[in-house]
Amino acid sequence: MPDHRQKKLQKHKKKRAAVVRRAPAHAEDAQNEALQKRFLEMAVSRPFGPCFVTRGWDDEDKKRMHCVVVTHELDDTNLLPATFLVDLGCEGIKDAFAMVPVPQGEGIKLVIEKLAEWFPQGFVEAPPHVASAIVVKGLRYAEKLGFETSPKIQRVLAVLDSSEYVMSVEVPLGRRDKPVYAPEPDDDTRPVVQKLVRAVGPDGFVVELPEKE
């Protein structure tokens, strides 16, 4: 008989992967990479716009995968959103990319509504230093565990708040002082598990299997 639960989990995995592959205006070729670089260079010298984070980021008992959107005001009417997929369990920044500029107000609202299709817990607005702290502390936690941050992701980090307030934000990492690994269906778990065993030992981390439907 067909495993309907497995099919459902695979469907959820494909939706989450779509955030990486097909998010609004996600750069996928050399021309768009160059355009993205130009947008990022413009944004870093501009004031912050509204920033958004998924609900539950500060509750270690909830899912540890979160989405952070940091915007900058390019001019009086347009914002540049940069999106970060952050695993606060152990893997850090799974992906980061700039989108094309969108109008303030309705434009950024539509971006958040689209992302909420993949993050049904929804989003809340957060100060720039709080949104940035979630990204930075998730990244540093992952690097201590042996997970590397790609140059592509490092380029996008320039849009984050670099003020002293960032490090004062408490960001729960892992769960009850242990890294948490939550694999998606069909993931090759061996490389991640091997890193965690090297970092904290075989009993030093938790594996969170997909929930039963």
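Read along the sequence, the protein chain runs α-α-β-β-β-β-β-α-β-α-α-β-α-β. Helices (H or I, at least four residues) and strands (E, at least two) are DSSP runs, numbered from the N terminus. This is a predicted model, in which local features need pLDDT of at least 70 and side-chain atom pairs count only at pLDDT 80 or more, while totals for chains, interfaces and linings use all residues. Residues are numbered from 1 along each chain as its sequence is written, and side-chain values use heavy atoms, with hydrogens and water left out.

User: How many helices and strands are in the protein chain?

Analyst: The protein chain has six helices and eight strands.

User: What share of the protein chain is buried?

Analyst: Buried means under 20% relative accessible area, exposed means over 50%, and partly exposed lies in between (1.4 Å probe, protein chains only). Here 44% of the 213 residues count as buried. Accessible areas come from the Shrake-Rupley method with a 1.4 Å probe, and for residues only the protein chains shown count as cover. The accessible surface of the chain is about 11600 Å², with 52% of it belonging to carbon and sulfur atoms.

User: Which strands pair with S2, and in what sense?

Analyst: Two strands pair if DSSP finds at least two bridges between them. S2 (65-73) pairs with S1 in the antiparallel sense over two bridges, and with S3 in the antiparallel sense over nine bridges. On the S3 side, Val69 stands opposite Thr83, and Val70 has Ala82 as its bridge partner. A hairpin of four residues joins S2 to S3.

User: Where does the pairing go from S3?

Analyst: S3 is joined to S4 by six bridges, and the two run antiparallel. In that pair, Val86 has Ile93 of S4 as its bridge partner, and a hairpin joins S3 to S4 through four residues. S3 is also joined by two bridges to S5 (residues 102-103), again running antiparallel; there Leu79 stands opposite Val102.

User: Are S2 and S3 mostly covered or mostly open?

Analyst: Both are mostly covered. In S2, eight of its nine residues are buried, and in S3, nine of its 10 residues are buried.

User: Which residues have the most contacts inside the largest nonpolar core?

Analyst: A nonpolar core is a set of buried Ala, Val, Leu, Ile, Met, Phe, Trp, Tyr and Cys residues joined through side-chain atoms within 4.5 Å. The largest one has 32 residues, and Trp57, Val68, Val70 and Phe84 have the most contacts inside it. Elements that each supply at least two residues include H2 (30-43), S2 (65-73), S3 (78-87) and H4 (128-144). H4 gives the most, with seven residues. Apart from this core lies another, of 16 residues, among them Met65, Val69, Val102 and Phe123.

User: What is Val68 in contact with?

Analyst: Contact means heavy atoms within 4.5 Å. Leaving aside neighbours within four places in sequence, the contacts of Val68 include Phe52, Val53, Phe84, Val86, Ala131, Ile134 and Val135. For the whole chain, residues 24 or more positions apart account for 70% of the contacts with a separation of 6 or more.

User: How many aromatic pairs does the structure hold?

Analyst: Rings of Phe, Tyr and Trp (its six-membered ring) pair if their centres lie within 6.5 Å; planes under 30 degrees apart count as stacked, over 60 as edge-to-face and the rest as tilted. The structure holds one such pair. Phe119 and Phe123 form it, edge-to-face, at 6.4 Å centre to centre and 75° between the planes. Both residues, Phe119 and Phe123, are buried.

User: How many disulfides are there?

Analyst: A disulfide is a covalent bond between the sulfur atoms of two cysteines. The test is a pair of cysteine sulfur atoms within 2.5 Å. The structure holds zero disulfides. As for cover, Cys51 counts as buried because its relative accessibility is 1%, and Cys67 is buried at 0%.
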